[in-house]
Every structure is written in C-alpha cells, then in structure tokens.
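Here is a short briefing on aromatic contacts for you to read alongside the model. Please keep the 3D view open as you go.

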Amino acid sequence: MTPARAACTAAALALLATPALAADDATTWYAGGAVVLANLQFDDDTLDDDAVGGRVSIGYRFNRWFAVEGSWLQTADFEDDPTPAAAGGDLELGLDGFTVGAVGYLPMPGDAVDVYGKAGLYVFDQDLTVAGTSGPGDTSSRRIDGLTAGVGVRTRLAERIDLRAEGEWFDLDGADLWMVSLGVDYRFGAPR
C-alpha cells in the first residue's frame, strides 16, 4: 500500500470514529484558502528558487486537541539557470497535488488563539522543463509522494472565521520544499 493510500485510509477511519472522539464543543468542519510563498532547493543545488502559490483545505476537528485535514496545493514555476555562463539549460519546475495529515493542538487558555503542529503525506505532480540551446527544450512529468510536517497558529477573527499562519516542510525526492502561508478558515457548525 502506498503512503498516500495508507494516509487516505487512516483519514477515512478517523472520520468514521467521529462520534466517539467528539468530546467537546470544538468539534467542527472547517474549510479555507491561503496564499503560499514557497522555496524549493535541490540537494545538488541545480535549482534554488522561490514561487508564490495557493492552497485550499478542508478539515474536521474532533475535539480541542486533534483534527484531520486535506489540502490541494499549487505553486507557480520554480526557475533557475544552473549554467549561467552557457546558453540554454534553464530549469522550470511546477508542483501541484494533495496533502493529508493529522493536526495536534497545544492546550492554550481561552478560545482566541490555537497553536498546532501537523504531520502527514503528500502526492504531487511534478512538471520539469529543461530548456535546450535551441528549441523549446525537454519536458518530463512524474508523480512524487513523501512526508510533510509543519507548525502554525490560528487567531479568531470572528465567530466562525480564523486567520491562519503556517510554516511547512516537504521531503521531496532529492529536494526540500519549504512553505510559509497566510490564509483564512471558515468553521461550520457551532461556534467555539
């Protein structure tokens, strides 16, 4: 079983256990969107660039301490020229795909602020273009998956709306992807 399939199965089982885990008034569905600033760096330093992207998320908070969340993420192309003295050879890489993970909240006094950590899995489509010295260059696509982890903070803006700031790391095959995001979540159901 692939890591992504295992994570999806675990998330589905967790959702089925909702009534047993719903121990307090923090239980709720939420959805949101965020603007993402990402940095991608290959281990061999052939590509190191920043790009802006976006993310939409949906999650279920079982109680004040635990949630499960899924997201779709897309970045603009990361670009670099590994051989600046030579003509051609420019690299462009785009990423888009899904993440699923568990979110653990730290106990905080009051309801206005939540601090959390998260860990999970991602499945991305990676499109890589290497420009040739003449012509459009070569393009290759592949699916990649692996581990992700992050930390963040939610601040209550209104009865059902949270401002959310987050930092995440993705362990890509031969590269590291670091992201900082700022977004808004809407909580369905009872206000917290």
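Which residues form one aromatic cluster with Trp29? The cluster is made up of Trp29, Tyr60, Phe62 and Phe66. This is a predicted model, in which local features need pLDDT of at least 70, side-chain atom pairs count only at pLDDT 80 or more, and totals for chains, interfaces and linings use all residues. Residues are numbered from 1 along each chain as its sequence is written, and side-chain values use heavy atoms, with hydrogens and water left out.

**Aromatic pairs**

- Searching the whole structure gives 9 aromatic pairs; Phe, Tyr and Trp rings (for Trp, the six-membered one) pair if their centres lie within 6.5 Å, with planes under 30 degrees apart stacked, over 60 edge-to-face and the rest tilted.
- Trp29 and Tyr60 are an edge-to-face pair because their planes meet at 65°, with ring centres 4.9 Å apart.
- This pair links distant parts of the chain, 31 residues apart: Trp29 is in strand β1 (residues 28–42) and Tyr60 in strand β2 (residues 48–61); strands are DSSP runs of E, at least two residues, numbered from the N terminus.
- Tyr186 and Phe188 also pair edge-to-face, at 5.0 Å centre to centre and 75° between the planes.

**Accessibility**

- Tyr60 is buried at 8% relative accessibility, while Trp29 is partly exposed at 41% (buried is under 20% relative accessible area, exposed over 50%, partly exposed in between, with a 1.4 Å probe and protein chains only).
- Tyr186 is partly exposed at 37%, and Phe188 is partly exposed at 41%.

**Charge over rings**

- Arg154 lies over the face of Tyr30, 4.5 Å from the ring centre (NZ of Lys or CZ of Arg within 6 Å of the ring centre and within 35 degrees of the ring normal).
- Arg154 also lies over the face of Tyr116, at 5.9 Å from the ring centre.

Technical notes. Helices (H or I, at least four residues) and strands (E, at least two) are DSSP runs, numbered from the N terminus.
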